[in-house]
Amino acid sequence: MSGDERNHNFRADARDRNTILQALGDINIRVSKRAGFMSVLAAAVGAVALYAFVFDGTEQRSGLAPQAQRSGAGDFGSATTETPPGAPPEAATGSGSSDAPQPPAEQWRGTLVLGLQSPKELDSDPPSTPGLFGGGDISIGLLDSWQVMPGIGRTVTQWTGDGRTPGHADCAEATDAGSSTAPASSGTVLCVRTDEGRVARLVVTKLSEGVLTSVEMDAVIWEPSADAT
């Protein structure tokens, strides 16, 4: 082999080695890039898995808190409870309870006319006029002004409450305080107790003065209560 041929072969071998080294370098670069990408991907997957684990554990630890708040103690230690489905409601208490005493039934309600010669017996149904000398539960008379007056053994008192209309219990209590006369003027509210123990509420609606003076009243008369004497 001549020297020129040897030089040519040497240069060819050098080119082949360079080509091989360049190819190996390209492969190494691609492998390095892929390895870097896989490392980043593995790190991201690991971070997501760690976050899911921590978040799930936090939810499990805090999951009982709402239930504890519903069934446990409230603010300042006051306990709150929930009524189980199907449980009967609590019994009513206070003034609306069915155990509160009920007033007696009404015996009569209507317009009552009381005159000088017509006292009224409130124990009869409807109220009756006993006559000039027959007594009666209430009558009218002229003192300093026209007054509603009680008969013997009866009680009349003027209601001076807080502006409300008295009921049976109110009038019963008012008549327990004693008896007096009461003005026969429009708007006056009277409480009466008869000799048979009935309680009545009378509201004066009209006073007609003259030779035959009369008083009109809206009246409610209750039956005697169980403890009436």
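Which residue does a disulfide join to Cys171? In this predicted model, the partner of Cys171 is Cys191, and the two sulfur atoms of the disulfide lie 2.1 Å apart.

**View 1. The disulfide of Cys171 and Cys191.** The count of disulfides comes to one, and the sulfur atoms of this pair, at 2.1 Å, fall within the cut-off of 2.5 Å that defines such a link. Turning about the S-S bond by -60 degrees, the link between Cys171 and Cys191 is left-handed. Cys171 belongs to helix H3 (residues 168-176) while Cys191 belongs to strand S6 (residues 189-193), so the pair ties together parts that are 20 residues apart in sequence.

**View 2. The open sheet of five strands.** With antiparallel pairing, the strands of this sheet follow the order S1-S8-S7-S6-S4. Strand S1 (106-115) and strand S4 (155-158) are the edge strands, each of which pairs on one side only. On average, and with direction ignored, neighbouring strands of the sheet are turned by 25 degrees against each other. In general, the strands of a sheet pair through backbone hydrogen bonds, either parallel or antiparallel.

**View 3. The pairing of S4 with S6, and helix H3 on the sheet.** The antiparallel pairing of S4 and S6 runs over four bridges, and here Thr155 stands opposite Arg193 in S6. Helix H3 packs on the sheet, where it touches S4, S6, strand S7 (199-208) and strand S8 (214-222). The direction of H3 makes about 75 degrees with that of S6, the strand that holds Cys191.

Key: Residues numbered from 1 in each chain as written. Predicted model: local features only at pLDDT ≥ 70, side-chain atom pairs only at ≥ 80, totals over all residues. Heavy atoms only, no water. Helix = DSSP H or I, 4+ residues; strand = E, 2+ residues; numbered from the N terminus. Pairing = 2+ DSSP bridges. Axes fitted to C-alpha atoms, helices over the stretch in contact; angles between N-to-C directions. Contact = heavy atoms within 4.5 Å.
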